[in-house]
Structures are given as C-alpha cells and as structure tokens.
Amino acid sequence: MNIALTHLQRLEAESIHIFREVAATFAKPVMLYSVGKDSSVLMHLAMKAFYPAKPPFPFLHVDTTWKFREMIAFRDQMAQKLGFDLLVHVNSDGVRDNINPFDHGSNTHTHVMKTVALRQALDKYGFDAAFGGARRDEEKSRAKERIFSFRNAQHVWDPKNQRPEMWKIFNTRIATGESIRVFPLSNWTELDIWQYILQEDIPIVPLYFAKERPVVERDGMLILRDDDRMELRPGETVENRLVRFRTLGCYPLTGAIESNADTLEAIVGEMLTARTSERQGRLIDRDEAGSMEKKKREGYF
Amino acid sequence: MRHITAESLAPTDGIRDYLAVQEQKSLLRFLTCGSVDDGKSTLIGRLLSDTKQIFEDQLAALERDSRKHGTTGDDVDFALLVDGLEAEREQGITIDVAYRFFATPKRKFIVADTPGHEQYTRNMATGASTADLAIVLIDARQGVLRQTRRHSIIASLLGIRHIALAVNKIDLVGFDKAVFERIVEDYRQFSHKLGFETIVPIPMSARYGDNVTSRSDKTTWYSGPTLIEHLEAVSVDEAVVELPFRFPVQYVNRPNLDFRGFAGTIASGSVSPGDEVVVAKSGKSAHVRRIVSHGGDLSQAVSGQAITLVLDDEVEVSRGNMLVSPAARPQVADQFAANIVWFDEHALLPGRSYILRTETDQTSATVTDLKYRVNVNDFAHEAAKSLEMNEVGICNISTRAPIAFDTFAENRTTGAFILIDRITNATVGAGMILHSLRRAENIHWQSLDVGKHGRADLKNQRPAVFWFTGLSGSGKSTIANLFEKKLFATGRHTYILDGDNVRHGLNRDLGFTDADRVENIRRVAEVARLMADAGLIVIVSFISPFSAERRMARELMASGEFVEVFVDTPFEECARRDPKGLYARALNGEIKNFTGVDSPYEAPENPEIHLKTLGKSAEEMVEALELWLNERDIAENQYDSGGGI
C-alpha cells in the first residue's frame, strides 16, 4: 500500500472530517444543496462520511423558481436514487410579488429569492449548522472565510471579527438562534472538483456537457432560453449553438460558453486552458466591487 | 524563468494521464508573515501572477481596483488580489488571513496570507496552525522588527520548523549585499533559540519579481535559490505515519443494532484489521475487525485518512476518547503544562473556568498557575498575573476530567487544544501541551481561616494518627477497637480506619497487586491526614506491608502526629489463629498475593510503639498505647505553656 496520501485523498479526508464534526456537535444540521457540480461533490462526500449510515441530516434546496429545468429534474432523480431527505424551500412572498430577474434585476432577485429565502428556511426549521459548497479559490471574500463560519441570530457574517480557527480543532459552540455555516470544500480548487468527479464517477447535471441548446445573446452573455418566461427583446433571436455551462445558477443570470466538450476529460482539458474564472459566467458577482462580500454578510452562501 | 502557462500545462497524452501526474504532486502549506507593509500580500500576488493563476477577468478587475484603491501608482497593486474584504481594500491593510492556491509542475501550494498588525495576531496564528513553512518578510529598509519577532515566536510555538527569510524591497536599498547580510545575521542571532530546522534567506523584490520566480540579474552576489525554487524543494515530511497509532474518536456511527463504527481521522501511525488497540482513557483493549469505507473495507489506513473502525469487542468508547497503540500510549491526565497564545481582548486569568477543546474532546479547564509570560523581543520570562491579547505564556492547566494527549512536540494533532470563553463562546486562546503534571506539583492549597489547631482545641485534644501495621490476624483490629473505646470513654474524638472496611467503600476498585496495595495505602493515608487536620485522633488498622508506603504516610502528617504501632505477632501464631480462614486458603494457593505467604511483609525498624503480643492480653497492649499518648500530651503541654513550670 502506498503510504503517502494523494492530493485528492487528503482533501477528501479533510472534508469527511468536517462533515462528521458537525454531525457530532450540532443539534440540527442541514446541507444546502444547490444541484451544481460542487453540490454533487459535497453530496458524494456526505454519503462517504457516514457510510454505512445515510447522512444524519436533510438536504435543503432553496428554489428561486428560475433554475434550469434540467437542474430540478436532476435534483429529484438524485434524491430518489440516494434516498436522502430533500427539503425544497421557495420564498412565497417573492412568488406573490412576482420577483424575477428580468423586471427586478439580478440584485433584487438574488436577494429576495435566494438570500432571504435561505434565511426563511433556516429559521423555519431551526437549523443550527448549514453546509455549503463554497470554495476559497472561487472569489476573494470567500478566500477569507473560515471553514466553520459563525453567523449571529440575524444570519449576519462579520468578516472583520471571525473566530480564530486553529488546526482541525473547530469551535462549534453557539448560543440559541446563532448558527454556523460550514464549508467542507474550502480548500478544494476547481481543478480538484473536476478531477474528483472524474475519479469517483460522480453524476452531474447534463448542462455541464456541451450540446446544441437554444441560446440568446444578451449583455455579452449567452443565455439559455429555458422557458418562455424569458421574453425576447427587439432584435434578439434564439439560435441553437453548441454550448455548455461552467457553473449553474438561475438560468437568466448564468452565461453559457461555446464549447464542444462533451466528456469529463474534455471539460477538464478546456478548464486547464481557460483564460477566465468560472464565476465570470455569473452576473450576480459583478454588480459592483465587493458584491460577493456584501451578499455574504447579508446571509448569502 | 519558470513561468507556467495554462497552455504549457495542457495535456497532450490524454487528460487522465495528465491528472494522474497532478495527483502525485506533493502539497506544501505555507504562510506569509512579518510586520505591516513588509509586502506580504504583494508577494502572494506576484506568486499567483507569475505562476499564471490569475484569470483574465480577475486581472481586469485587479486593474480597475488598482486605479481605485491601489498604492503603487500606475502599476497593478497585487495586494488587492488577496485583500478581499472591503475594509481591507479601503484601509489598505490585511485584516484576516486569505487562503490562495497555486501549483507549479513540481508541487501544489496552499498559501495563507496573514495580517501584519499586532491587533490581528490571532488571524496570523490561524494561518500558521496548518502551515509547514513560514515566509517571514522583512522590509530591507527596516530590518528585524517587533512583529518579525512575534510572528517568528508564534510560528515556532505552533510547530513550524522551516523559515524562508524574504528580505524584501531589496531594490529600495540598491540591491546592497551588506544590508542583506546584516539583516540575515540579526535574524539568526534572534531566532537561534526557536528550534527552526531550516532558515533560508533570500533577497527579493516582490513588487518587481526579483528572486521570486526568476533569478534577479541585480543580485549577482546571491547564489541561493529563488523563492519558488526553495518552496518546490523544501522537505517538510514529518513522517507522522511512523509515530504510534492515535485515533481520536470523533463520531460513533450506529445506524442499527448490528453496526457500531468509530469514525475519526487518524492523527498518527497506521492501522490494519487484527491490530490490537487500547481505549486511552479506560485502558481496555480490543482488536480492529474492519476498516469500513464506502468503496469496500480497507486492509490498512494511515495518518491523515478519515476512516470508520469496527472493533471485535463491545468496549465503551465515545467521542473524545482515543484508540491508540497498546505499545505506546498517550498520557491521560487532568493536569499539564502548556504554552498558551492568547487571542481575546479580555485577558487570561488564572482561576477562571474556560472550555478546553482538543480535536474531539471537550472539558472545562482552569489555569492554575501562570508561570511566566514570554517577552517577544528577547524571550525573557516575565512574571505575570494575566495574559493580555496577543501575549504568549507558559501555564499549568487543570481540567475537570482527564484528557488523553501527547506533548505537542511529539504530535501536533494530539498535543494541541483551544480555549473557549464560557459566556461568549469566542475562541480565546490556543495551547500546545508541554508535559503532564503530577498532582502534588500543582494543586494549590486553599488558605482557610479555621485552622487545624482551632479544631483540635475545641475538642480539647491533640490530633494523632496511630498507624497499626502487622500481619493479618496479628490482633490489629482487636487492639484498635479496644483503644478507641478507652479514648472515647475519656472524652476523646476518634475514628478508626480499618483495612477491610475501607476496601468495601473508598478502595473497592483496588485489588491486591503491589500497585494496588500502594494506592490503597496512599488513599488511606490521605484520608487520615484530613481527619487529623479535622482534629481527630485517627487509628489506622492496615496490614501496610511496605515500609516505603508507611514512610509516605508518615511524611504526609505533621511532625509528632504519626505514631507507627507495630503489632508484632509471629507468622506461625497468626496462621494458627486464622480468624477469617484466610491463611488456610492462602497456603493452599487459593488466594494470591497474601502477605506473609507469597507477598512480603517488611517489618518496621523503628516504630514509635512496638507491641509484642505473644502471651499478652489486648488490655495490656492498650495500656501501653494510653501511656504513650499521655506522655506525649504532657510533653507538648509543657512546651506550649512556655516553660512556665
């Protein structure tokens, strides 16, 4: 047996350790399941951490009602296959007010349907710890965040006053109403994620693979017209182009890239030569400088 | 030049082959530290940029930000790549640690960019706790500063053994060799006590890239490695797999009655099915039956792996305990000495109760003694009543329940802990265990207002401990009982501690091995001491066969209070009397470790009272004892009254 662990073995062990630490020390944890590739890896690690038992917590999907239809289908299929307890939460106030990315812009839409919705769900069920799939290599404010990230009773992150986090000794103590966001993938990079998906044969939403899809070019991005709620502006046309997605979010806010990568190997190859970061396809990060930090402070993952 | 482009990394022989190579790369975790404005964030920006880890959209954002917040004129301000918080960008300082990732063809790296301000030392410690190497930056114009020293001390305390000494901004001193050499000499002078294995000094300019990833043509006098060459080459393998097996139990996995798995991460060593493991706190042992994993059982697991063990025996193990190698066990104690780094605005106070957490265990703890504070400038040990924020000290710690641990020097995982405030739940300190303490060194006497003399005076007597020793059946209990009756009749306050009775209660957990006999006597001696302190005349009736333990008991008591009474009855007579039928069974081999038969009795050499019982009655023996007591009291009264007679 090879004594030295490989890079992925180390990352896997660290993540499993984090999962178990939460299960052992919190009364009511939950895993935020956003259906993307990082969530797929997170779910796979959770299954491993508690094998032969099932993960001792439910999976929560905050549905903005604007996710790709393929994501919802994949979500339900995975829940059935793996037998985990799936909770879906929609901000009914937002639905009532017809909040949507076209009329209200990405900022308001994300705030109401994602950040507020998440806070509602956490309060409704009384979760005291929530796993998220964020990685430190994604964005500069995430690079600053602890693995166990404290939130006060209003779900607010105080980036200037984070608890020291020494070794693998995590301070999991909180008062009533407070909570901790936990990031088992903190030290993974995008390459690690793809490499692990390849190695472990982890199912992912087909949208990551190149295929001819009906897209509209808008504001410099290729938007997949997933349903007819997206009205075409004058001069816009829907074209079938060979595209895929590097990240997945709300379909009107997520840009596709032109690509013919239809296998995991090809995706990794494409990523290795990419000149732009994966979040470049996300409108919501770019509204203003420091916008991710602002969203995180308000309770976004 | 070692520039790595995405194109040059791109696979030619298939992605899977390429990834297999990536998988075998080793990982180095390091941090950058040093004083404010020494250029830590700039250096990381330079490393990321030169190793082509910055995407075009990120570079575009960086250029925008540089115009807005930058401090480098028209140039790109690399610090803005890592100073990710708004407050940091606005103030131009680093507040919290940022983790960044990059790779070269030889190695993968996780770098923690840590703040230089003293105020944020705890965030520097956070970054250092998981690092194997520290890049200590020094501004060539400033030389070694207070924060250089503080960070070096903390890095050393947290177990970092490798230092890359980056003498930065060398361009601003004209690439002067003499300046470089003087700073290196200063640093070596100062740090020789810190136990670093390697200190590699490199003259560099992070802003312009000299000797970071490419060799500078302006420092021709320097022949050492560039920073990246050093980071790629330095060997930090600690071979924790060679250390004894340590498995802190993190989570007990019990999905149904048929499965009970102990989940955790192996802190050191390795384990295979069939191995014997010991539960650290109870000493119970069992064998590993399976190493369960999602992809099938494993035939071996090594340090760093997160596994689930199934044992062959239903031993009691819960979170916080440790499964360990039977050949080399950790210490289990509730008293130990440790280095403490204090993080909180509210100072550490000896006597205050904190929550102590190791990787999986938790108990409450108090600092019983703050031995000294370390001056970060000259390492002087300074007396201190408290530890303020960012200070370092050595403390004795007492926990409510024992914990299992190794010293931090032996094992970075099982020798560390954090302290948590009970009210705010803030992480207030980090500790590195130095060694365990024997209780005697560490328990502090409470000073009490009502004293021993007062309590004894109230009873109108002098305390004493009559320690009866002799073979089983020698007449100890008979004489002791009669003696107590006589004392009671004269108004004395007494108590008998009898060997058999105590073994039914206080010492019910002890057997008759030598170790247990020692502990048996130690406990009884402690109880007798407390009773004497309460003013009583105590009669201890114990075989107490070993002279060492009787001496230990004598030394516990105040001078003149311990009265050794040798109840001297020959073995043959005791065996003939045999009141409990024990000699017959012992001589038949039915009882092991029986004093006088197969366990020795060491007769006292100079007892205060030597009672030769053969041919005498118990009454005669008691008269001898009363006589002795009266003589002592008269002698003491004379002394007490100041020689007035």
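The model is predicted: local features need pLDDT of at least 70, side-chain atom pairs count only at pLDDT 80 or more, and totals for chains, interfaces and linings use all residues. Residues are numbered from 1 along each chain as its sequence is written, while chains are lettered from A and ligands numbered from 1 in the order in which they are written.

Let us start with the annotated serine. An unreviewed UniProt entry places an "active site" at Ser544(B); such positions use the numbering of this text, feature names are shortened, and annotations may be inferred rather than shown by experiment. Ser544(B) sits in the loop between strand 25 (537–541) and helix 16 (547–556) of chain B. Helices (H or I, at least four residues) and strands (E, at least two) are DSSP runs, numbered from the N terminus.

Is Ser544(B) buried or exposed? Ser544(B) counts as buried because it has 26 C-beta neighbours inside 10 Å. The cut-offs are 20 or more other C-beta atoms within 10 Å for buried, 12 or fewer for exposed, and in between for partly exposed, with C-beta atoms placed from the backbone. Ala575(B), by its 18 other C-beta atoms within 10 Å, is partly exposed.

| Residue | Location in chain B | C-beta atoms within 10 Å |
|---|---|---|
| Ser544(B) | loop between strand 25 and helix 16 | 26 |
| Ala575(B) | helix 17 (residues 571–577) | 18 |

Leaving aside residues up to four places away in sequence, Ser544(B) touches Thr469(B), Ile521(B), Glu549(B) and Arg550(B). Contact here means C-beta atoms, placed from the backbone, within 7 Å. Ala575(B) lies 8.6 Å from Ser472(B), C-alpha to C-alpha, although 103 residues separate them in sequence.

Next come the domains. Chain B is divided into domain 1 (6–233), domain 2 (240–324), domain 3 (331–442) and domain 4 (452–640), with bounds from an automatic or database domain assignment. Between domain 2 and domain 3 of chain B, 14 residues of domain 2 are in contact with 10 residues of domain 3.

Chain B also has an open sheet of six strands in the order 2-3-1-4-5-6, with mixed pairing; strands pair if DSSP finds at least two bridges between them. Strand 2 (98–103) and strand 6 (198–203) of chain B are the edge strands, each pairing on one side only. Strand 2 pairs with strand 3 (residues 107–113) of chain B in the antiparallel sense over six bridges, and Phe101(B) stands opposite Ile110(B) in strand 3 of chain B.

Methods. Two residues are in contact if their C-beta atoms, placed from the backbone, lie within 7 Å.
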